[in-house]
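This briefing covers one protein chain and is intended for a reader working from the sequence and coordinates.

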Amino acid sequence: MNLNKENLQKIKGLILFTIVVLVALWKYSLVLGALGFVLKILFPFLLGGAIAFILNVPMHFLEHKLFCNKRIEGTKWSKRLARPLSLTLTILLVLGVIMLVIFVVVPKLGSTIMSLGKNIQNFLPKVQYWVEELFNNNQEIVTWINDVTIDWQKVLDSIMAFFKNGAGSVLDSTFTVAKSIVSGMTTFIIAFVFACYILLQKERLNIQIRKIMYAYLKKEYVEKILDVCSLTYKTFSSFLTGQCVEAVILGTMFFVVMTVLRLPYALLVGVLITFTALIPIFGAFIGLFVGAFLILIEAPVKALIFVVMFFILQQIEGNLIYPKVVGNSVGLPSIWVLAAVSIGGSLMGIVGMLIFIPVVSVVYTLFRNNVYGQLRRKGLRVDNTSGELLQEQEKAGNKN
C-alpha cells in the first residue's frame, strides 16, 4: 500500500477509532453514564419526534383529502392554511377520541368493574357447589372444599390496615410524586411543541437535513440512507394505519354482535379487544381469555357462546377484513411476523411487539433486495417454486 496522504489519513482515522473503542470498553461504566445523561437531555425531542411521526399519518391523510382538490389546490389561502388546518384537525381528532374514552367509556367500565366484585362473590359459592357435585364420591375433597371459606371482612380490614400503615410513607413521598408529575408534564409540553414544529416545517427540515448529509457524506451514501428512511416511513405508517383501523373494526364487531346476542360486558370486551388487537397474532386472544372469564362469572353458558362467537369473528377478520385493510403493507411472511412478535415481546414487552414487526420488515426488505441484486450481478435466477437455478438449466440444455 502506498503511504500517500490519503492512505495516511485513513490509517490515522483507524488508529483513533481503535483507541476510542478500547477506552470505551475499559471505562464502560462512564460511557454508559454519559449516554444516559445525553439520552435524558434528548428524551423530550425524541418523544416529540415519535409524536410527530404518529400524528403525521392522519394529518397527511386529511391534508391530501381536504386540500389536494383541483378547485382549491392552486389558491393562495389553501397553500397557507392547508398545513395548520390539517394539524389542528388532527389534534382535535385525537383529543376527541381521548375525551370519548374519558367521559363515555371510563364511567361505563367503572360501573362494570364495580358490579364485577359482586358477581365474583356470588360466583364462588356456585363454583364450590359444582366442585362438590363433581367430587361427590371423594369425601375428603368435599370436606376440604367445605372448609374453604373467604372472610371478605378480614380481607377488607387487611387492605385498610395496609393503607393506614403506609400513610406516612405516602405523605413523605408526596413531594417526590409532585415533582415527577411536573417534570413529566414539562417534558410532554416540550415534546408536543417540538412535534408541532416538525409537522409545520417538515419540508424545510427535510431540505436542511439533506443539505447537511450531502455536505459531509458521499452522494451514494446519502442516497442509500434516504432510500432506507423512505422505506422505513412507508412501512411504519402503513403498519400503524392498518393495525389501528383493523383493531377499531374488530372491537366494533365484538361490541355489536355481543349487544345483539345480549352477552354481558359488551362495551368492556369491545374496548379490550380494540386495544389488545393492536398486538399482532396474540393480542386478540388476550381479549378472548379475559372476556370469557368475565362472562363465565355471570353466565357460564354465555361464556361458551362468546368463545364460539370469538372464533367466528376471528375467521371473518383474518380472511376478509385484515387482508383488505392491512394487506401486505409490511411485506413480511407470517413466520417472520411470529419471530418479530416473539423477539420484540421478550425484549421490550408490548411496545416491542408493535415496533419489531415494521423494523424486521425493513431489514427483511433490504436483505431481500440485496440478495436479488447479488443474483442479478451473477447472472442467476432462482425458481420460486423449486428453488433451482433456471439459467444454469437453460445453459445445460443448450450444450446438449
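Residues 12–35 are 96% helix and 0% strand, with 26 Å between the end C-alpha atoms of the span. The model is predicted, and the mean pLDDT of the chain is 75.

**Annotated spans**

- The UniProt record, an unreviewed entry, assigns the feature "transmembrane region" to residues 12–35, 41–62, 85–106, 181–200, 244–261, 267–296, 303–322 and 334–367.

**Packing of α9 with α10**

- Helix α9 covers residues 219–260 and helix α10 covers residues 266–276; their axes come within 8 Å and cross at roughly 160°.
- Angles over 145 degrees count as roughly antiparallel, and α9 and α10 are therefore roughly antiparallel to each other.
- The crossing in which α9 passes α10 is right-handed.
- On the α9 side, the contact is formed by A247, V248, L250, G251, F254, F255, M258 and T259; α10 contributes A266, L267, V269, G270, I273 and T274.
- By class, the residues of the contact of α9 with α10 comprise 10 nonpolar, four polar and no charged.

**Packing of α10 with α11**

- Helix α11 spans residues 283–298 and packs with α10 at an angle of about 160°, the two axes being 8 Å apart.
- Given that angle, α10 and α11 are therefore roughly antiparallel to each other.
- α10 passes α11 in a right-handed crossing.
- From α10, the residues in this contact are L268, V269, L272, I273 and T276; from α11, they are G283, A284, I286, G287, L288, V290, G291 and L294.
- The contact of α10 with α11 holds nine nonpolar and four polar residues, and no charged ones.
- V269 and I273 of α10 take part in the contact with α9 and also in the contact with α11.

**Model confidence**

- Of the residues in the chain, 68% reach a pLDDT of 70 or more.
- Among the elements of the chain, helix α8 (residues 202–216) has the highest mean pLDDT, at 89, whereas helix α14 (residues 390–399) has the lowest, at 49.
- Over residues 392–400 pLDDT stays under 50, and the model has three contacts beyond four places in sequence for this stretch.
- Where pLDDT is low, predicted coordinates should not be read in detail.

Technical notes
Residues numbered from 1 in each chain as written. Predicted model: local features only at pLDDT ≥ 70, side-chain atom pairs only at ≥ 80, totals over all residues. Heavy atoms only, no water. Axes fitted to C-alpha atoms, helices over the stretch in contact; angles between N-to-C directions. Helix = DSSP H or I, 4+ residues; strand = E, 2+ residues; numbered from the N terminus. Parallel < 35°, antiparallel > 145°, perpendicular 65-115°, else oblique. Left-handed = near helix turned anticlockwise from the far one by under 90°. Contact = heavy atoms within 4.5 Å. Nonpolar A, V, L, I, M, F, W, Y, C, P; charged D, E, K, R; others polar. pLDDT = per-residue confidence, 0-100. UniProt positions renumbered as here; feature names shortened; annotations may be inferred.
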